[in-house]
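I opened my notebook to look up two things here.

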Amino acid sequence: MDIFFQIIFSGLTVGAMYAAGTISLSLLWSSMGMLNLANGSFIAIGGYAAYFCITLLGGHWLFAIPMAIVAGIVTGYLLYHLVVRWLFEKPDFAINIIISTVAVSALIENLILNIFGPEARRQPFQLTGGPSIGGAVLPYQTLLTVAVALILLVVVMWIVRRTRIGLVIRAVAQQSDAAQLMGINVSASFCTAMMLASVVGTVSGVLVTASTQLFPAVGFDSTVKALVICIIAGLGNIRASILMAFALGLFEIAVQYIFGQRFGFPSMLGLVIIVLIARPAGLFGKEAVTRV
(Lines give C-alpha, C1' and ligand atoms only; values in the text may rest on other atoms or scores of the structure.)
Protein backbone atom coordinates (compact mmCIF):
# COMPACT_ATOMS: atom_id res chain seq x y z
CA MET A 1 0.00 0.00 0.00
CA ASP A 2 2.87 2.37 0.77
CA ILE A 3 4.17 1.86 -2.79
CA PHE A 4 0.77 2.82 -4.21
CA PHE A 5 0.66 6.03 -2.18
CA GLN A 6 4.27 6.83 -3.10
CA ILE A 7 3.40 6.54 -6.81
CA ILE A 8 0.38 8.81 -6.28
CA PHE A 9 2.39 11.44 -4.38
CA SER A 10 5.27 11.39 -6.87
CA GLY A 11 2.80 11.57 -9.75
CA LEU A 12 1.14 14.61 -8.18
CA THR A 13 4.51 16.33 -7.86
CA VAL A 14 5.47 15.64 -11.47
CA GLY A 15 1.98 16.46 -12.73
CA ALA A 16 1.92 19.80 -10.91
CA MET A 17 5.25 20.80 -12.46
CA TYR A 18 4.00 19.82 -15.91
CA ALA A 19 0.68 21.59 -15.32
CA ALA A 20 2.34 24.91 -14.56
CA GLY A 21 4.33 24.69 -17.79
CA THR A 22 1.35 23.80 -19.97
CA ILE A 23 -0.63 26.91 -18.96
CA SER A 24 1.88 29.24 -20.59
CA LEU A 25 2.06 27.26 -23.84
CA SER A 26 -1.73 26.87 -24.09
CA LEU A 27 -2.40 30.53 -23.33
CA LEU A 28 -0.16 31.82 -26.12
CA TRP A 29 -1.49 29.29 -28.61
CA SER A 30 -5.13 30.13 -27.86
CA SER A 31 -4.58 33.90 -27.89
CA MET A 32 -1.95 34.37 -30.61
CA GLY A 33 -1.60 31.07 -32.44
CA MET A 34 1.99 31.13 -31.21
CA LEU A 35 3.99 28.06 -30.25
CA ASN A 36 6.55 29.49 -27.84
CA LEU A 37 9.63 27.28 -27.65
CA ALA A 38 11.34 29.88 -25.47
CA ASN A 39 9.11 28.73 -22.61
CA GLY A 40 12.10 26.86 -21.18
CA SER A 41 13.88 30.19 -20.84
CA PHE A 42 10.95 31.54 -18.80
CA ILE A 43 11.37 28.57 -16.47
CA ALA A 44 15.11 29.17 -16.12
CA ILE A 45 14.64 32.91 -15.54
CA GLY A 46 12.06 32.23 -12.83
CA GLY A 47 14.35 29.77 -11.11
CA TYR A 48 17.34 32.10 -11.16
CA ALA A 49 15.18 35.05 -10.05
CA ALA A 50 14.18 33.07 -6.94
CA TYR A 51 17.79 32.01 -6.37
CA PHE A 52 18.97 35.61 -6.73
CA CYS A 53 16.29 36.85 -4.32
CA ILE A 54 16.92 34.29 -1.56
CA THR A 55 20.64 33.51 -1.84
CA LEU A 56 22.26 36.68 -3.16
CA LEU A 57 19.91 39.30 -1.73
CA GLY A 58 19.20 37.37 1.47
CA GLY A 59 15.43 37.67 1.08
CA HIS A 60 12.83 35.41 2.69
CA TRP A 61 11.61 32.50 0.56
CA LEU A 62 8.14 34.07 0.45
CA PHE A 63 9.58 36.79 -1.80
CA ALA A 64 10.79 34.26 -4.39
CA ILE A 65 7.51 34.06 -6.33
CA PRO A 66 6.95 37.88 -6.37
CA MET A 67 10.50 38.25 -7.72
CA ALA A 68 9.72 35.65 -10.39
CA ILE A 69 6.52 37.54 -11.30
CA VAL A 70 8.49 40.77 -11.82
CA ALA A 71 11.05 38.89 -13.92
CA GLY A 72 8.22 37.37 -15.97
CA ILE A 73 6.60 40.74 -16.68
CA VAL A 74 9.90 42.22 -17.87
CA THR A 75 10.80 39.13 -19.93
CA GLY A 76 7.41 38.94 -21.64
CA TYR A 77 7.44 42.67 -22.45
CA LEU A 78 10.93 42.53 -23.94
CA LEU A 79 10.28 39.33 -25.91
CA TYR A 80 7.14 40.78 -27.46
CA HIS A 81 8.59 44.17 -28.40
CA LEU A 82 12.00 42.90 -29.52
CA VAL A 83 10.87 39.80 -31.44
CA VAL A 84 7.19 38.86 -31.63
CA ARG A 85 5.66 42.16 -32.80
CA TRP A 86 8.00 42.28 -35.81
CA LEU A 87 6.96 38.81 -36.98
CA PHE A 88 3.26 38.66 -36.17
CA GLU A 89 1.81 40.36 -39.26
CA LYS A 90 4.31 38.85 -41.68
CA PRO A 91 3.73 35.67 -43.71
CA ASP A 92 4.47 32.28 -42.15
CA PHE A 93 4.29 33.61 -38.60
CA ALA A 94 3.56 30.17 -37.12
CA ILE A 95 6.80 28.73 -38.52
CA ASN A 96 8.98 31.81 -38.10
CA ILE A 97 8.04 32.29 -34.45
CA ILE A 98 9.07 28.70 -33.67
CA ILE A 99 12.50 29.29 -35.20
CA SER A 100 12.81 32.68 -33.51
CA THR A 101 11.87 31.45 -30.05
CA VAL A 102 14.37 28.59 -30.36
CA ALA A 103 17.02 31.21 -31.10
CA VAL A 104 15.84 33.38 -28.19
CA SER A 105 15.98 30.36 -25.89
CA ALA A 106 19.59 29.67 -26.92
CA LEU A 107 20.56 33.31 -26.38
CA ILE A 108 18.98 33.46 -22.92
CA GLU A 109 20.55 30.15 -21.93
CA ASN A 110 23.99 31.42 -22.92
CA LEU A 111 23.39 34.71 -21.12
CA ILE A 112 22.51 32.85 -17.91
CA LEU A 113 25.53 30.60 -18.45
CA ASN A 114 27.86 33.60 -18.58
CA ILE A 115 26.30 35.29 -15.56
CA PHE A 116 25.82 32.38 -13.15
CA GLY A 117 28.11 29.73 -14.60
CA PRO A 118 27.37 26.16 -15.78
CA GLU A 119 27.26 24.39 -12.41
CA ALA A 120 23.99 23.06 -11.06
CA ARG A 121 22.75 24.80 -7.94
CA ARG A 122 20.28 23.94 -5.21
CA GLN A 123 17.15 26.06 -5.32
CA PRO A 124 16.62 27.47 -1.79
CA PHE A 125 12.84 27.69 -2.31
CA GLN A 126 12.25 24.51 -0.34
CA LEU A 127 9.79 23.18 2.24
CA THR A 128 10.91 20.17 4.26
CA GLY A 129 8.87 17.43 5.86
CA GLY A 130 5.30 16.34 5.26
CA PRO A 131 2.50 14.17 6.66
CA SER A 132 2.69 10.39 6.48
CA ILE A 133 -0.25 8.74 4.70
CA GLY A 134 -0.51 5.00 4.16
CA GLY A 135 3.14 4.49 5.02
CA ALA A 136 4.33 7.07 2.46
CA VAL A 137 5.31 10.69 3.05
CA LEU A 138 3.43 13.44 1.23
CA PRO A 139 6.01 16.27 1.10
CA TYR A 140 4.93 19.80 1.90
CA GLN A 141 6.83 20.77 -1.25
CA THR A 142 4.40 18.67 -3.29
CA LEU A 143 1.40 20.28 -1.63
CA LEU A 144 2.85 23.73 -2.32
CA THR A 145 3.57 22.85 -5.96
CA VAL A 146 0.04 21.52 -6.52
CA ALA A 147 -1.49 24.53 -4.77
CA VAL A 148 0.48 27.07 -6.79
CA ALA A 149 -0.26 25.26 -10.08
CA LEU A 150 -4.00 25.30 -9.31
CA ILE A 151 -3.84 28.96 -8.25
CA LEU A 152 -2.13 29.81 -11.55
CA LEU A 153 -4.92 28.02 -13.43
CA VAL A 154 -7.67 29.82 -11.50
CA VAL A 155 -6.03 33.24 -11.88
CA VAL A 156 -5.39 32.82 -15.60
CA MET A 157 -8.91 31.55 -16.28
CA TRP A 158 -10.38 34.40 -14.20
CA ILE A 159 -8.34 36.98 -16.13
CA VAL A 160 -9.26 35.48 -19.49
CA ARG A 161 -12.97 34.93 -18.73
CA ARG A 162 -13.94 37.61 -16.22
CA THR A 163 -11.87 40.74 -16.82
CA ARG A 164 -11.82 43.40 -19.52
CA ILE A 165 -8.23 42.47 -20.33
CA GLY A 166 -9.31 38.88 -20.95
CA LEU A 167 -12.27 40.02 -23.04
CA VAL A 168 -9.94 42.06 -25.23
CA ILE A 169 -7.50 39.15 -25.59
CA ARG A 170 -10.32 36.79 -26.60
CA ALA A 171 -11.77 39.31 -29.04
CA VAL A 172 -8.41 39.81 -30.73
CA ALA A 173 -7.78 36.05 -30.78
CA GLN A 174 -11.11 35.42 -32.54
CA GLN A 175 -10.86 38.20 -35.13
CA SER A 176 -8.02 40.69 -34.87
CA ASP A 177 -9.12 42.81 -37.86
CA ALA A 178 -12.64 43.32 -36.48
CA ALA A 179 -11.24 44.07 -33.02
CA GLN A 180 -8.94 46.71 -34.50
CA LEU A 181 -11.87 48.32 -36.33
CA MET A 182 -13.66 48.54 -32.97
CA GLY A 183 -10.78 50.59 -31.58
CA ILE A 184 -8.92 47.82 -29.73
CA ASN A 185 -5.14 48.13 -29.59
CA VAL A 186 -4.20 44.73 -31.00
CA SER A 187 -0.50 45.13 -30.27
CA ALA A 188 -1.16 46.00 -26.61
CA SER A 189 -3.48 42.98 -26.32
CA PHE A 190 -0.84 40.60 -27.62
CA CYS A 191 1.79 42.19 -25.37
CA THR A 192 -0.47 41.62 -22.36
CA ALA A 193 -0.97 37.96 -23.32
CA MET A 194 2.78 37.61 -23.75
CA MET A 195 3.52 39.07 -20.32
CA LEU A 196 0.83 36.92 -18.66
CA ALA A 197 2.23 33.76 -20.25
CA SER A 198 5.75 34.79 -19.26
CA VAL A 199 4.71 35.32 -15.63
CA VAL A 200 3.14 31.85 -15.55
CA GLY A 201 6.35 30.44 -17.02
CA THR A 202 8.67 32.13 -14.52
CA VAL A 203 6.51 31.14 -11.53
CA SER A 204 6.48 27.56 -12.79
CA GLY A 205 10.27 27.84 -13.01
CA VAL A 206 10.43 28.37 -9.25
CA LEU A 207 8.38 25.20 -8.72
CA VAL A 208 10.33 23.11 -11.24
CA THR A 209 13.79 24.07 -9.96
CA ALA A 210 12.70 23.57 -6.34
CA SER A 211 12.01 19.91 -7.12
CA THR A 212 15.06 19.33 -9.34
CA GLN A 213 18.18 21.48 -9.69
CA LEU A 214 18.95 24.92 -11.06
CA PHE A 215 21.12 25.20 -14.18
CA PRO A 216 20.92 27.24 -17.43
CA ALA A 217 19.12 24.57 -19.51
CA VAL A 218 16.74 23.49 -16.73
CA GLY A 219 13.64 24.47 -18.70
CA PHE A 220 14.30 22.37 -21.79
CA ASP A 221 13.02 19.05 -20.48
CA SER A 222 9.96 20.63 -18.86
CA THR A 223 9.06 22.50 -22.06
CA VAL A 224 9.30 19.38 -24.20
CA LYS A 225 7.05 17.46 -21.81
CA ALA A 226 4.62 20.38 -21.52
CA LEU A 227 4.42 20.47 -25.32
CA VAL A 228 3.72 16.73 -25.40
CA ILE A 229 0.92 17.21 -22.86
CA CYS A 230 -0.59 20.13 -24.78
CA ILE A 231 -0.59 18.10 -27.99
CA ILE A 232 -2.31 15.14 -26.33
CA ALA A 233 -4.90 17.38 -24.65
CA GLY A 234 -5.37 19.71 -27.62
CA LEU A 235 -3.37 22.89 -28.16
CA GLY A 236 -5.07 25.94 -26.68
CA ASN A 237 -7.31 24.07 -24.22
CA ILE A 238 -5.90 25.23 -20.88
CA ARG A 239 -8.16 23.27 -18.53
CA ALA A 240 -7.78 20.04 -20.49
CA SER A 241 -3.99 20.51 -20.51
CA ILE A 242 -3.97 20.83 -16.71
CA LEU A 243 -6.05 17.67 -16.32
CA MET A 244 -3.83 15.82 -18.77
CA ALA A 245 -0.68 17.04 -17.00
CA PHE A 246 -1.70 15.37 -13.75
CA ALA A 247 -2.89 12.24 -15.56
CA LEU A 248 0.34 11.88 -17.52
CA GLY A 249 2.41 12.67 -14.45
CA LEU A 250 0.83 9.69 -12.70
CA PHE A 251 1.19 7.61 -15.86
CA GLU A 252 4.90 8.42 -16.20
CA ILE A 253 5.68 7.62 -12.57
CA ALA A 254 3.74 4.35 -12.77
CA VAL A 255 5.61 3.30 -15.92
CA GLN A 256 8.94 4.20 -14.32
CA TYR A 257 8.13 2.11 -11.26
CA ILE A 258 6.96 -0.94 -13.24
CA PHE A 259 9.38 -0.94 -16.20
CA GLY A 260 12.24 1.36 -15.14
CA GLN A 261 12.95 5.07 -15.21
CA ARG A 262 14.22 5.12 -18.79
CA PHE A 263 10.78 4.08 -20.11
CA GLY A 264 8.80 6.96 -18.60
CA PHE A 265 9.22 9.67 -21.23
CA PRO A 266 9.30 7.30 -24.25
CA SER A 267 5.93 5.95 -23.15
CA MET A 268 4.54 9.51 -23.23
CA LEU A 269 5.90 9.97 -26.74
CA GLY A 270 4.21 6.74 -27.74
CA LEU A 271 0.91 8.18 -26.49
CA VAL A 272 1.47 11.29 -28.62
CA ILE A 273 1.85 9.17 -31.75
CA ILE A 274 -1.31 7.20 -30.97
CA VAL A 275 -3.32 10.34 -30.21
CA LEU A 276 -2.13 12.17 -33.34
CA ILE A 277 -3.11 9.17 -35.49
CA ALA A 278 -6.54 8.81 -33.88
CA ARG A 279 -7.30 12.49 -33.13
CA PRO A 280 -4.94 14.95 -34.85
CA ALA A 281 -6.43 17.89 -32.88
CA GLY A 282 -5.85 16.16 -29.52
CA LEU A 283 -8.23 14.41 -27.16
CA PHE A 284 -10.07 17.61 -26.24
CA GLY A 285 -9.13 19.75 -29.23
CA LYS A 286 -11.43 20.94 -31.99
CA GLU A 287 -10.89 20.34 -35.66
CA ALA A 288 -10.31 23.51 -37.67
CA VAL A 289 -12.77 23.97 -40.50
CA THR A 290 -11.60 25.91 -43.55
CA ARG A 291 -14.27 27.20 -45.93
CA VAL A 292 -13.45 28.06 -49.54
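**Entry 1: a helix pair**

I looked up helix H2, residues 39-56, and helix H9: their axes come within 8 Å and cross at roughly 135 degrees. The model is a predicted one. I noted both values, because two packed helices are described by the angle between their axes and the distance between the axes.

H2 and H9 cross at roughly 135 degrees, so they are oblique to each other. I also checked the hand of the crossing of H2 and H9, and it is right-handed.

Then I listed the residues in contact. H2 gives Asn39, Gly40 and Ile43. H9 gives Gly219, Phe220, Ser222 and Thr223. I sorted the contact of H2 with H9 by class: two residues are nonpolar, five are polar and none is charged.

**Entry 2: the cavity**

I turned to cavities. How many are of 30 Å³ or more? I found one. The largest cavity holds about 40 Å³ of space.

I wrote down its lining: Met17, Tyr18, Gly21, Ile43, Ser204, Val208, Ser222 and Ala226. Helices H1 (2-32), H8 (186-211) and H9 (219-233) each give two or more residues to this lining. Which element gives the largest share? H1 does, with three residues. By class, the lining has five nonpolar, three polar and no charged residues.

**Entry 3: a link**

I compared my two lists. Ile43 and Ser222 are in the contact of H2 with H9, and Ile43 and Ser222 also line the largest cavity.

Definitions and conventions. Residues numbered from 1 in each chain as written. Predicted model: local features only at pLDDT ≥ 70, side-chain atom pairs only at ≥ 80, totals over all residues. Heavy atoms only, no water. 1 Å grid on protein atoms, 1.4 Å probe; cavity = no way out; pocket = protein on both sides within 12 Å on 5 of 7 lines; lining within 4 Å. Points joined across faces, edges and corners; volume = space filled by probe spheres on them. Helix = DSSP H or I, 4+ residues; strand = E, 2+ residues; numbered from the N terminus. Nonpolar A, V, L, I, M, F, W, Y, C, P; charged D, E, K, R; others polar. Axes fitted to C-alpha atoms, helices over the stretch in contact; angles between N-to-C directions. Parallel < 35°, antiparallel > 145°, perpendicular 65-115°, else oblique. Left-handed = near helix turned anticlockwise from the far one by under 90°. Contact = heavy atoms within 4.5 Å.
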